[in-house]
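Colleague: Could you take me through one part of this model in detail? I would like to look at a single sheet and what surrounds it.

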Protein chains: 2
Amino acid sequence: MPSDHLKLTFTKLFEPQSVAFIGATDTPGKWGFTILHHIFQGGYQGRLYLVNPKRPAVFGHPCVKNLAEIEETPDLAVIVIPSEKVLATLDEVIAKGTRAAVVITSGFAEANEEGLKLQNQLVARAHEGGLRFVGPNSMGIVTSFPHRLISTMGSMKPRPGRVAVVAQSGNLGVTFMSRLERRAIGVSRGISTGNQASLAVADYLDMLADDPKTDIIAAYVEGVPDGRHFLEMTEKAARVKPVVFLKGGKGTKGAKAAKSHTAAVSGSHQVFLASVREAGGIVANSMDELINMIGAFHSNPVPKSNRAGILTLGGGWGVVGADSCERFGIDLPDLPPDVYKTLDDILPSYWSRGNPIDTVATTDISTIPTTLEELFRSDAFDNVLYLGIAYLAFQGRRYMDKGPAHGPLFDKIGQFLVNTEYQMLDRIVELRNAYGKPFFPVADLVSRDEVFPENIVHALEERGIFVYNAPWQAAHGLAALLERANWLKRAQTARTVDVAPDRDALVEAQRLVRNAVGGKRRQLAEHESKRLLAALRLPTTRESEAASVEEAVEAARLIGYPVALKVSSADILHKSEVGGVALNLATDAEVRRHADRLLKQGKVLVQRMAPASAVELLVGLTHDRTFGPALVFGKGGVETEVWADTATLPAPVTPDQAERMIDATRMSKLIAPFRGRPALDRAALVDLLVKVSRLPELFPEVRELDINPLFLYEKGAMIVDAKIVLKNGDENGR
Amino acid sequence: MPSDHLKLTFTKLFEPQSVAFIGATDTPGKWGFTILHHIFQGGYQGRLYLVNPKRPAVFGHPCVKNLAEIEETPDLAVIVIPSEKVLATLDEVIAKGTRAAVVITSGFAEANEEGLKLQNQLVARAHEGGLRFVGPNSMGIVTSFPHRLISTMGSMKPRPGRVAVVAQSGNLGVTFMSRLERRAIGVSRGISTGNQASLAVADYLDMLADDPKTDIIAAYVEGVPDGRHFLEMTEKAARVKPVVFLKGGKGTKGAKAAKSHTAAVSGSHQVFLASVREAGGIVANSMDELINMIGAFHSNPVPKSNRAGILTLGGGWGVVGADSCERFGIDLPDLPPDVYKTLDDILPSYWSRGNPIDTVATTDISTIPTTLEELFRSDAFDNVLYLGIAYLAFQGRRYMDKGPAHGPLFDKIGQFLVNTEYQMLDRIVELRNAYGKPFFPVADLVSRDEVFPENIVHALEERGIFVYNAPWQAAHGLAALLERANWLKRAQTARTVDVAPDRDALVEAQRLVRNAVGGKRRQLAEHESKRLLAALRLPTTRESEAASVEEAVEAARLIGYPVALKVSSADILHKSEVGGVALNLATDAEVRRHADRLLKQGKVLVQRMAPASAVELLVGLTHDRTFGPALVFGKGGVETEVWADTATLPAPVTPDQAERMIDATRMSKLIAPFRGRPALDRAALVDLLVKVSRLPELFPEVRELDINPLFLYEKGAMIVDAKIVLKNGDENGR
C-alpha cells in the first residue's frame with residue numbers, strides 16, 4: 001500500500017477537480033501556448049485557472065495575476081515558466097495549499113551542476129511543504145478519470161481506457177499513447193516522468209498498482225534512482241496487474257545518451273532485465289513489442305497452457321508461424337482425431353493435415369469459420385492463432401478497384417468477399433466470448449492498411465480483439481501471457497533460508513573488516529576473505545599463513561599433505577600468471593623449495609589441496625549501479641571471461657532464485673549427471689548461493705566478492721579461492 | 001553466365017510479347033477467373049490468347065478452343081486447369097513451339113506420392129521438349145518490362161521498378177510486393193516459385209543476376225533442392241547486386257510445415273545462414289527486416305565507413321538510436337570541434353553536446369536543417385540518421401484538428417509547421433544529393449500514418465528516400481549496407497590451398513575405405529580413420545593395434561613411453577564412459593595390467609601420449625541436408641555439446657573461410673595469447689581445417705568425421721582421436 005501521502009498525491013495529480021496553469025500565454029512557439037492548447041483541445045471539464053501577471057485573458061479565457069487571486073485551492077498546478085522562476089512559484093503554490101504539481105520547465109539536473117542544485121532545492125522546499133511533483137523536465141501528464149486532462153507538450157488524443165503509461169522519455173510516451181489509440185486501446189493515466197526529482201518511476205508504479213481505473217501498466221525506463229524500491233513496487237504492481245517495460249540505455253552509448261537526457265544512471269542491462277523479470281515485470285525490446293504485449297494483455301485472459309492451434313490462409317504464413325511458436329516455446333500439438341476428421345470432410349483433399357492447418361488456397365471460404373470453431377472447441381488447444389484475418393476483405397476490395405477490368409460483376413464478387421469477412425468477424429467475436437480462449441489473429445500489414453468504409457482490422461480492435469501484424473508478433477504476445485502466468489504461479493512458492501552464522505566467527509570477521517576499512521585497505525587477502533565466508537559456515541580450505549620456510553613446513557604438516565602454496569597478497573589479481581602458486585606439494589622438501597621461492601614476493605598461504613572437482617564455478621558479489629549488491633553465479637576457472645556464462649540477481653536471493661540462476665547457465669548441464677558420472681551436489685550449491693547473497697547484510701563494507709574457483713562434488717562443495725574488495729571511504733560513509 | 005537456354009527462358013518468361021492463358025473462365029471462385037481478372041486489371045499490352053474449349057468468349061474477350069487455333073507461337077503459357085489435365089496440355093504447349101510456362105495448378109509433389117510422380121513426368125516431358133516452367137503449385141508471376149503482366153492469384157498493383165522478388169510462398173510474395181508499393185519501391189519481376197520442379201530458386205537468381213532491369217533481389221526461401229548450385233548463383237548475383245533473403249522453416253516445426261507446403265526440405269538453419277552470408281547474401285529475420293533492408297539498398301550508395309551522426313528531435317529516440325547503433329556495430333564518433341562550435345551557437349544552452357545530437361525540444365525549428373547540414377558536411381560522419389522526420393508536420397496537423405480549441409490562429413500555426421516540414425524535405429533531398437551520403441530518416445509510426453493532402457513520409461519515399469519506422473530499423477538498414485560493403489571487399493581476397501596428399505598413403509586409404517564399404521561397414525575404427533587423415537599429411541598420434549598383451553607391450557616400447565591404451569572398436573561411441581581408455585602408462589607393467597583388462601572388449605590401440613594442450617578442439621565433417629558435406633569447427637573435449645560453440649560451412653573451405661570459422665567461436669580467444677601464455681599455432685589450425693574440408697573430394701564414401709580432441713600447441717597440432725562414419729549403400733550409389 002502506498003503511504004497516505006502518496007494516496008493524496010495520486011488523487012490530486014490524476015483526479016484533479018481544479019487546475020492552476022502557471023505560464024499561460026497566447027504567444028505561439030512557447031510551450032505555455034502549446035500545452036494550454038492541448039488542455040483546451042482535450043476538453044478538461046474541471047475548473048481551470050490560467051495564471052499570467054501580464055495579460056487579462058488568454059485564448060479568450062480570463063487570467064489571474066497570481067495564485068492568491070484564485071478563490072479555491074487548486075488540486076494541481078501545472079508550471080511552464082522559466083527555470084529561474086520555478087522555486088519562487090513553487091513557494092506560492094505551497095502557500096496556496098496545493099499539494100501536487102507538474103513541472104514542465106527544463107534546465108535542471110539534466111542540464112548541469114547548477115541545475116542539479118536548483119532541482120535539489122525544489123525537492124527540499126516541496127517535500128517540506130507537503131507537495132510532490134512530476135518532473136522537472138517533464139513533457140506533462142494525461143489522465144482520463146474522472147475528468148480528461150491532456151496536459152502535455154506533444155499533441156495526442158488517447159481515449160479513456162485501462163492502460164497506464166509511465167515514460168521516462170516524453171516523446172516516446174506521446175508516440176506510444178498515440179499508437180495505442182490507433183489500436184483502440186485507451187489510457188487511464190499517462191506520465192512523462194522527467195527527471196524523477198520528487199516522484200520516481202517506483203512511486204508511479206506504487207500509485208498505479210492501487211488505481212482501480214488501471215488494469216495494465218506500460219513503462220519506458222532509462223534508469224531508476226532507487227533500484228530496490230523500484231523492484232519492490234514492480235512486484236507490488238505485478239501481483240495485481242501486468243507490468244510491461246521497455247528499457248532504454250542498454251549499451252554504453254545508449255547509457256551515455258540516457259545520462260545527458262534525464263540525468264538518470266543506467267545500470268547494467270542484463271541485471272536490469274533479470275531483476276525486473278524476477279519481480280514479475282515483462283520486458284519488451286522495442287516499442288513494437290511493447291504495443292503487441294500490451295495488446296495481448298488487453299484482449300486476453302491468462303492462458304491455461306502453452307498449447308496452441310494455428311489456422312493459416314497461406315502456407316508461407318504457416319511456416320513462419322510455426323517457426324515463431326517454436327522460438328517462443330509455444331507447443332503446437334498434433335490435431336486430435338475428432339478435429340482431423342471434421343476438417344478432412346470439409347477441406348480440399350490436399351489440405352495440410354497438421355498444425356498449422358493450411359486451407360491451401362481453398363476457394364470455399366465457408367470452411368474458414370468452421371475450422372476456426374474446431375480450434376476453439378477442441379480441448380487439445382488452449383490458444384488459437386489465425387493467420388490471414390482481413391485477407392478476404394482485402395482481396396474483395398481489390399475486385400472493386402477501378403481499372404481496365406472493372407465492372408458490376410467484380411463489384412459483386414468484391415462485396416461478397418468483404419461481407420463474408422465481416423460475417424466471420426461476428427462469428428469470431430462469438431467464438432472468443434463463448435470459449436474464452438486467448439486468441440491471436442494476424443493480418444499482414446497490407447490487409448491492415450486497406451481502407452474500407454469501416455476498416456476490418458480496426459473494426460475488430462474496436463471490439464476488443466487485438467490484431468497482430470506478423471505471426472511472430474502474435475507468438476510473442478502469447479509468450480508474454482505465458483511468462484506472466486508462470487510468474488504468478490511461482491511467486492507463491494518463494495521461501496527463505498536461515499543463514500545461521502557462527503556467531504563468534506562472525507564477530508571476529510566483522511572486526512577484521514572494520515580494521516581493514518580503518519586502515520584504508522581496499523582489499524582483503526585470500527585467507528581473510530575466507531574468514532568471512534567461514535563465519536557463514538561455508539566450506540573453505542584448511543589453510544594457514546606462513547612468513548618463513550620453516551613456518552610453511554610446519555603448517556603443511558599440521559594441515560596434512562598434499563598442500564598448495566600461494567603468495568598471500570591482496571594486491572596480486574591473477575596469482576597463477578605471475579608464478580605465485582605451487583600445487584600438489586606432497587613432501588616437506590617440495591614445500592621448502594617452493595616456499596623459499598614464493599616468500600620473496602611476501603608471505604605464503606599454505607593450503608590443503610582440495611580434491612579435484614568435475615567443475616570449477618564462480619560465485620561472486622558485485623555492486624550494480626542501479627540495484628546495489630548483486631549475486632553472480634557461473635562458470636569459474638581461468639576461462640570465466642571467455643565464456644561469460646553467468647547469471648546475476650540483486651542480493652539477497654531466495655533458494656528458488658538461486659535455482660533459476662543455476663538453470664540460466666550452461667553449468668547446470670555439468671552439475672546434472674554428465675556422461676556417466678552422477679549429479680553434483682546442487683543442494684549444497686543453492687545453500688551456498690543463498691548464504692553468500694546475505695553477506696552484504698552482515699558485512700555492509702564489502703563491495704565485491706570473487707569465489708573462484710568453487711569446487712562442487714557429489715557431496716558438498718569447497719571454496720578454493722576467494723577475494724573481497726571493500727568499499728572506499730565515501731561509499732562506507734553514506 | 002546462364003546457359004543460352006536459361007537466357008531464352010528468361011526472355012520468354014519475363015518479356016513475353018504474347019501469352020496463352022489456358023483455363024480462362026468467367027466462373028467466379030475459380031482461380032482461372034481470378035488470375036485472368038488480375039491480368040486484365042494490370043493492363044497487359046502484349047497479345048493475350050484465352051483458351052477454353054467450351055466458351056466462345058470470357059469477359060467479352062474471344063476464346064480459342066485449343067492452342068492449335070492460335071496463329072502465332074505464344075511466348076508464354078499460363079496453365080490454370082485441373083492437375084490431371086496438365087500433362088496432356090503441356091504436350092500441346094510444347095507442340096505449339098512455346099518454350100516457357102507458368103503452372104498454377106496444385107496437387108503435385110506438395111500433395112502426395114502420386115502427385116510427385118506426376119510432377120516428375122511433367123518435368124521430364126517439358127525438358128525433353130525444350131520448355132521450362134514455373135511451378136507447379138505457383139501463385140504466378142509478375143513482370144514490368146517491356147509489358148506489365150500481373151498473372152497471380154493474389155491481387156496487387158506493384159509499380160515498375162528495380163527490385164526482383166522471388167518467393168517460395170506465394171502469399172508472402174504478394175504481401176511483400178504490395179508492401180514495397182506502399183513504400184514507393186517498384187518491382188522488375190516477381191516469381192512465386194511453387195514446387196521448383198523445372199526452375200528452382202537458383203535458376204531465378206541466375207537469370208536475375210543478368211537482368212539489366214533488376215538492381216536488387218529479395219528472396220523468401222524455405223528449402224532449396226540443390227544447395228550447392230543455389231550458393232553459386234547467390235554468389236554470382238551478389239557480385240553485381242544486393243541479394244537479401246528471408247528464410248522460412250527455421251525450426252523443426254517450421255521445417256515440418258515447410259515440407260508439407262512445397263515439398264521442400266529445409267537444411268539446418270544455422271548452416272544455411274552462414275553459407276548464404278559467405279556467398280554474399282544478406283539475411284533478414286522477418287518481413288519487416290526484409291522491407292527495411294531492401295529500402296536501405298534501394299535508396300543508398302555503399303557507405304564509406306560505419307561512422308554515423310545522429311540528429312534526434314527527442315531524447316528518448318536518441319537513447320534508443322544509440323543503443324541500436326551499438327548493437328549493430330555502428331560507430332557514433334564524438335562531434336568534431338567545428339561541428340560542436342556551429343551547433344553551440346544555434347542550439348539552446350542545454351543541448352546534448354554529443355552524438356546523438358538532441359535539439360532538446362527547441363522551439364526554434366530553423367536549427368534543424370542547419371544541424372542536419374553539419375552532419376552531411378562534416379568528414380567525421382559517413383552516414384546520417386535523422387530521428388523525428390515528419391514530427392513537425394504531425395504536430396502541425398494536430399493544430400488543425402477540429403476540437404474545443406480550434407480556430408484560425410491554430411490553423412495558421414499548424415500550416416506553418418507543415419510548411420516548414422515540407423521545406424525541410426526539399427532541403428534534405430538537396431543535401432542528400434549534394435553529399436551522396438547514406439541517409440536514414442526515422443518517422444515514428446504515428447507521424448507516418450498521419451494523412452495530409454500529401455503524406456509527408458510518402459512524399460519523401462516517392463522522391464527515393466526510404467523512411468524507417470524505428471531507430472533500430474534504420475541502424476539495421478545501415479548494418480546491411482555495411483555487411484555487403486565488407487563482403488565485396490573480402491570477396492576479392494579469396495585464396496585456395498594445395499592439399500598435396502601423400503599419394504601412396506592416399507591410394508592405401510582409398511582401398512581401405514572401399515573395402516569397408518564393400519563389407520557393408522558403416523564406421524571406421526580410430527586407427528583406420530587416422531590413416532585417411534595421415535594421407536592428407538595431417539598430424540596424427542603414433543599408434544599400433546595389438547591383439548594380445550605381449551603385442552601391446554612390444555608396440556608400447558616401439559612407440560615410446562608414455563602411451564595410452566584404448567579399446568579399438570568402431571562401435572563404441574564414448575570409450576571413456578565405458579572404461580575403455582587408460583592414459584599416461586609409463587611402464588611395461590602398467591601396459592600389461594591395462595591391456596589384459598581392455599583386451600576383453602576387443603583389440604587395443606596402443607598410442608603415443610600426446611603432450612598436454614591448452615585447448616581441446618573439435619574438427620569434423622557433417623552431411624547437411626541442403627548443402628551436403630560441411631566442415632564443423634569448435635570447442636572439443638567432453639563438453640562439446642554443453643557449450644555448442646561451433647561454426648559450420650559447406651566443404652571445402654578457403655583459408656579465409658577457415659579464419660572466419662575460428663573467429664566465429666569463442667575458441668579464437670583461447671587460441672590467441674591468453675593470460676600470460678603465447679598464442680597457439682593458428683596457421684597450423686587453418687591449414688588443417690582447409691585440408692579436412694577437402695577430404696570428401698578424395699573419399700566420397702565418407703559421410704561424417706569427428707576429430708575430437710584435436711590438440712593445438714604453440715607450434716603444430718595433433719589429432720588425438722578421430723572417427724569416420726561412411727555413407728550407407730544407397731548414399732554411395734547415387
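Predicted model: local features only at pLDDT ≥ 70, side-chain atom pairs only at ≥ 80, totals over all residues.

Modeller: Start with one pair of strands. Strand 20 of chain A is joined to strand 23 of chain A, residues 604-608, by 4 bridges. The two strands run antiparallel.

Now the whole sheet. This is an open sheet of 4 strands in chain A, in the order 20-23-21-22, and the pairing is antiparallel. Strand 20 (543-546) and strand 22 (581-585) of chain A are the edge strands. Each of these pairs on one side only. On average, neighbouring strands of the sheet are turned by 20° against each other, direction ignored.

For the wider setting, look at how the chains relate. Chain A can be laid on chain B by a turn of 180° and a shift of 0.0 Å along the axis, with an RMSD of 0.1 Å. That is the relation of a two-fold axis. The same surface serves both copies, as 99% of the contact residues of chain A recur in chain B. Of the residues of chain A, A:Trp643 comes closest to the rotation axis, with its C-alpha at 4.4 Å.

Technical notes:
Residues numbered from 1 in each chain as written. Chains lettered and ligands numbered in written order. Heavy atoms only, no water. Pairing = 2+ DSSP bridges. Axes fitted to C-alpha atoms, helices over the stretch in contact; angles between N-to-C directions. Least-squares fit on C-alpha atoms with pLDDT ≥ 70 in both. Contact = heavy atoms within 4.5 Å.
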